[in-house]
Amino acid sequence: MLLAAIAAGAAIGLTLGLVGGGGSILAVPLLVHVVRLESAHVAIGTAAVAVAANALAGLAGHARAGTVKWRCAGVFAAAGIAGAAVGAEAGKAMDGGQLLMLFGLLMIAVGLSMFRGRGVAEAPGVRLTRDSAAVLLPRLVAAGLGVGLASGFFGIGGGFLIVPALVAATRMPMRNAVGTSLVVVSALGATTATSYALSGLVAWDIAGLLLLGGVGGAALGIRLGKRMAARKGLLERIFAVVVIAVGLYLAVSGK
């Protein structure tokens, strides 16, 4: 189990380094089928701890680069925390097999969405101010609640949901959406992890091993990602196929 947990963390970190996201959506299937955690709920709670920690580590770099829209992040995260708290309670109350089946369906939807183009016109100077609040606040709150519910329910960071939601709500550039999303991922992951931890549904030793493996995997992924930058589109499509395949397995098997 020790080696399996480190290997799972390395796979998650490698994915994050190569394609810039998606590691968290693989965490639960890896914990169930590679690490062999018997409870889907413990897998979700443990994954949430690793997701929050990884997001905080990534956020530091984006904050230094000035790519975070802090006010937009704050509103989205506040609404998301409320949604995640409700979603986590609903997830804990559901049968583990049914939860994994629904998780599989979500993976299929996320994988398919990765084949779609992102054709939203950007607004680089977008800011949440008194003048823009009437338009941006309702959009950010609605998007935050929806993403928070999904994040808490499934124990995922939700980066693949948060980034497009931020772009749709504010039209901020992609690099700002990625940096801003890490504030939200950290907040939602911590909310979900706290809820599951209070119910005794976190394997802390496994979470630590995931993080240990993730550090090495991310370093390797970043290095490979730089070498394969010209093929990032191909890498993302390959990853999408993997996500869809795993999602189909979970949806059909329910385990």
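User: Are F103 and F154 buried or exposed?
Analyst: The model is a predicted one, and a residue counts as buried when its relative accessible area is under 20%. F103 and F154 are both buried.

User: Which geometry does the aromatic pair of F103 and F154 have?
Analyst: A pair of aromatic rings is described by the distance of the centres and the angle of the planes. For F103 and F154 the centres are 5.7 Å apart and the planes stand at 65°. Planes over 60 degrees apart count as edge-to-face. The pair of F103 and F154 is therefore edge-to-face.

User: How many residues apart in sequence are the parts that this pair ties together?
Analyst: F103 belongs to helix α5 (residues 96-113), whereas F154 belongs to helix α6 (residues 133-154).

User: Which residues do the ring pairs link into a cluster?
Analyst: The count of aromatic pairs comes to two. Besides the pair with F103, F154 forms an edge-to-face pair with F153, at 4.9 Å centre to centre and 90° between the planes. F153 is buried too, with a relative accessible area of 13%. The cluster linked by ring pairs consists of F103, F153 and F154.

User: Which element gives the most residues to the largest nonpolar core?
Analyst: The largest nonpolar core has 45 residues, and F103 is one of those with the most contacts inside it, as is I206. Elements that give two or more residues to this core include α1 (2-19), α3 (40-65) and α9 (204-227). With eight residues, the element that gives the most is α3.

User: How many residues does the other core have?
Analyst: This other core lies apart from the largest one, and its members include L59, C72, L136 and A177. Its number of residues is 32.

User: How far apart are the end C-alpha atoms of helix α8, and what span should its residues give?
Analyst: Helix α8 (residues 174-198) has 25 residues, and at 1.5 Å a residue it should span 36 Å. The distance between its end C-alpha atoms agrees with this span, at 36 Å.

User: How many residues of α8 are buried?
Analyst: Helix α8 is largely enclosed by the rest of the structure, because most of its 25 residues are buried. The number of buried residues is 18.

Notes. Residues are numbered from 1 along each chain as its sequence is written. This is a predicted model: local features need pLDDT of at least 70, side-chain atom pairs count only at pLDDT 80 or more; totals for chains, interfaces and linings use all residues. Side-chain values use heavy atoms; hydrogens and water are left out. Helices (H or I, at least four residues) and strands (E, at least two) are DSSP runs, numbered from the N terminus. The expected span of a helix is 1.5 Å times one less than its number of residues. Buried means under 20% relative accessible area, exposed over 50%, partly exposed in between (1.4 Å probe, protein chains only). Rings of Phe, Tyr and Trp (its six-membered ring) pair if their centres lie within 6.5 Å; planes under 30 degrees apart count as stacked, over 60 as edge-to-face and the rest as tilted. A nonpolar core is a set of buried Ala, Val, Leu, Ile, Met, Phe, Trp, Tyr and Cys residues joined through side-chain atoms within 4.5 Å.
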